[in-house]
Amino acid sequence: MASSSPAATTGREFLDAAPYPVVVLGPDGALLHSSPSARRLLADPAGEGVPPWLRRAHLDLAADGARPGPVRHAHPVAGPVEAHPAPRSDGSTVWWLVTPEGCPGLLPRAAADGACDWELLTRLSGLLLSSLNVDRILETVARQAALHLADAAVVVAPGGRALRLVTCLRGGDPAHVQVRADPAEVPGLAEALQGFPPVPSRWIDPDAVPHWLRPAGFGRVGSVLVTPLPGHGVPAGALVLLRAAGRGPFATEEEAFARLFATRAGAAVSAAVMYSEQAAVTDLLMRELLPPRLEHLDGVDYAGGYRASVDRDRIGGDFYDVHPAAEPGGETLALLGDVSGKGLEAAVMTGKVRNTLHALLPLADDHGRVLSLLNRALLTSHHTRFVSLVLASVRREDDRVRVRLSAAGHPAPLVLRADGRVTDSTTLGTIVGVLPEATTRTDTVLLEPGEACVLYSDGITEAMGGPTGREQFGEHRLRQALAQCAGLPAEAIVERVQMLAAQWLRGGRHDDMAVMVIAAPPHGHLPVVAERRGDTT
């Protein structure tokens with residue numbers, strides 16, 4: 001044990017008063033001191049032993065000489081324990097022991113004003129979990145902390161060069177502030193932002209609180225409490241509680257309750273931050289997977305529509321795309337395809353197929369070669385998914401539109417004539433990504449003004465519903481629907497098909513559904529030689 005000199009005695013008293021259990025180990029791993037709360041936590045009343053896991057972590061730290069970090073251990077009695085090392089100049093190390101419920105033996109007791117009531121803590125926890133919006137959670141933390149724990153509260157969020165603060169006076173509204181300041185100006189704040197245990201409020205001089213930490217309208221500070229907001233693996237920030245002069249310092253039970261509140265607040269903030277980051281990444285990646293918005297290009301009308309198999313999803317296995325001609329007067333390449341499966345995995349594969357086809361654009365004049373190269377790329381990848389698709393090379397010729405169509409394991413496009421007749425394209429081919437070679441037979445279709453070529457996925461014709469809920473929409477109903485669309489713009493045809501398919505489903509389960517229309521503008525329509533691309537809404 002440590003020496004009994006006055007200095008050593010003072011050090012032991014200092015550590016025994018700490019808000020968390022403390023164990024001090026010498027350079028060789030010998031136990032120099034353990035606080036009463038540490039002895040209770042480790043079930044070592046006499047304070048004579050060092051847990052093997054803690055000694056091992058201590059010796060590893062001394063051998064590596066690396067920057068100290070927390071050590072996690074599943075204690076058979078206390079449950080999960082985090083040991084935070086703080087090396088000292090004499091070679092010894094102070095280990096702070098933290099459990100999910102704070103410090104054993106210092107849990108809050110119910111006070112007359114209910115400030116340390118477990119029912120209150122449960123209610124506050126429910127408020128913290130009511131949103132995944134980061135700003136709203138930070139405001140809730142500041143407002144509830146100021147209302148129940150202090151006269152004012154400041155939430156300090158970790159960030160870059162500027163500190164992000166959310167301040168709130170009791171009974172007031174939270175305010176967002178950004179300041180360029182050093183958190184080390186506030187005792188314990190820099191450590192709290194790094195996840196270290198809090199220091200007792202009586203160790204902090206209230207007169208040392210800088211002006212940037214005091215909310216607007218707050219007078220002289222009488223007492224300060226700084227506690228970390230533990231997150232999921234990384235600190236979620238820090239909570240600073242301010243009590244006005246004349247009200248007295250924070251009691252031990254109040255500090256313990258504040259730490260429990262901060263633990264729950266940190267978990268809520270961390271969850272909101274993780275959700276926000278994941279949502280931002282998902283949105284960024286999804287932009288590249290969404291089908292483009294189609295309009296007019298080189299005197300030809302294009303329109304497309306897509307519906308994922310799960311209504312809450314925005315992407316899936318069906319896709320369509322339009323690539324403008326590289327030179328004036330050249331062919332525009334339009335395509336519609338269907339990757340096997342559905343959901344996110346199919347959407348990722350869809351993105352890879354679209355990127356591969358984009359890279360093969362210089363060879364777009366030869367549909368067979370494009371499909372053969374795509375087939376080879378899928379066969380040599382680690383994916384087991386395959387794809388069916390239709391390639392359409394489109395060129396405006398005077399007032400007509402010439403469309404070269406090549407299907408690969410996909411339903412042949414339908415051609416809507418000006419008089420309402422619906423005819424079939426004769427293109428036919430094998431699926432891509434299964435057989436050693438992909439073959440196709442190309443068909444050429446001439447569209448007169450007002451006529452359209454309709455590309456669709458089998459999710460349209462195989463949509464189950466109707467009066468019994470077990471009947472497919474079928475190609476014959478699709479033909480009937482198209483016959484009623486003679487002379488309509490491309491956008492109207494797409495909307496009509498999607499509406500009828502949705503009515504047929506009646507909310508039932510369905511596969512991904514995609515439809516694209518290539519139309520020759522009617523007489524008198526002024527072609528727009530341009531394309532506007534953007535995300536579908």
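A: We may begin with a pair of helices in this predicted model. Helix α11 (residues 474-483) packs against helix α12 (residues 490-505) at an angle of about 140°, and their axes are 10 Å apart.

Q: What describes two packed helices in general?

A: Two quantities do so: the angle between the helix axes and the distance between those axes. In this case, angles over 145 degrees would count as roughly antiparallel, and α11 and α12 are therefore classed as oblique to each other. The crossing of α11 and α12 is right-handed.

Q: Which residues of α11 and α12 make the contact?

A: On α11 they are Arg-477, Leu-478, Ala-481 and Leu-482, and on α12 they are Ile-493, Val-497, Leu-500 and Trp-504. Sorted by class, the contact of α11 with α12 has seven nonpolar residues, one charged residue and no polar ones.

Q: At what angle do the axes of α8 and α9 cross?

A: Helix α8 (residues 343-359) and helix α9 (residues 367-379) cross at roughly 140°, with axes that come within 10 Å. The two helices, α8 and α9, are therefore oblique to each other, and α8 passes α9 in a right-handed crossing. Met-349, Val-353, Thr-356 and Leu-357 of α8 meet Val-370, Leu-374, Ala-377 and Leu-378 of α9. The classes in the contact of α8 with α9 are seven nonpolar, one polar and no charged residues.

Q: Turning to the backbone, is phi negative or positive in most residues other than glycine?

A: Most such residues have a negative phi. Asp-298 has a positive phi near 50° and is not a glycine. Asp-298 lies in the loop between β11 (296-297) and β12 (300-307). Asp-298 counts as partly exposed because its relative accessibility is 30%.

Q: Where is Asp-398 found, and is Asp-398 buried or exposed?

A: Asp-398 sits in the loop between β15 (387-397) and β16 (400-408). Its relative accessible area is 74%, so Asp-398 is exposed. Asp-398 likewise is not a glycine, yet has a positive phi of about 55°.

Q: With which side chain does the side chain of Asp-321 make a polar contact?

A: The partner is the side chain of Arg-354, at 3.1 Å.

Methods:
Residues numbered from 1 in each chain as written. Predicted model: local features only at pLDDT ≥ 70, side-chain atom pairs only at ≥ 80, totals over all residues. Heavy atoms only, no water. Axes fitted to C-alpha atoms, helices over the stretch in contact; angles between N-to-C directions. Helix = DSSP H or I, 4+ residues; strand = E, 2+ residues; numbered from the N terminus. Parallel < 35°, antiparallel > 145°, perpendicular 65-115°, else oblique. Left-handed = near helix turned anticlockwise from the far one by under 90°. Contact = heavy atoms within 4.5 Å. Nonpolar A, V, L, I, M, F, W, Y, C, P; charged D, E, K, R; others polar. Polar contact = N/O pair within 3.5 Å; in protein donor to acceptor, adjacent residues only side chain to side chain. Buried < 20%, exposed > 50% of the residue type's maximum accessible area, 1.4 Å probe, protein only.
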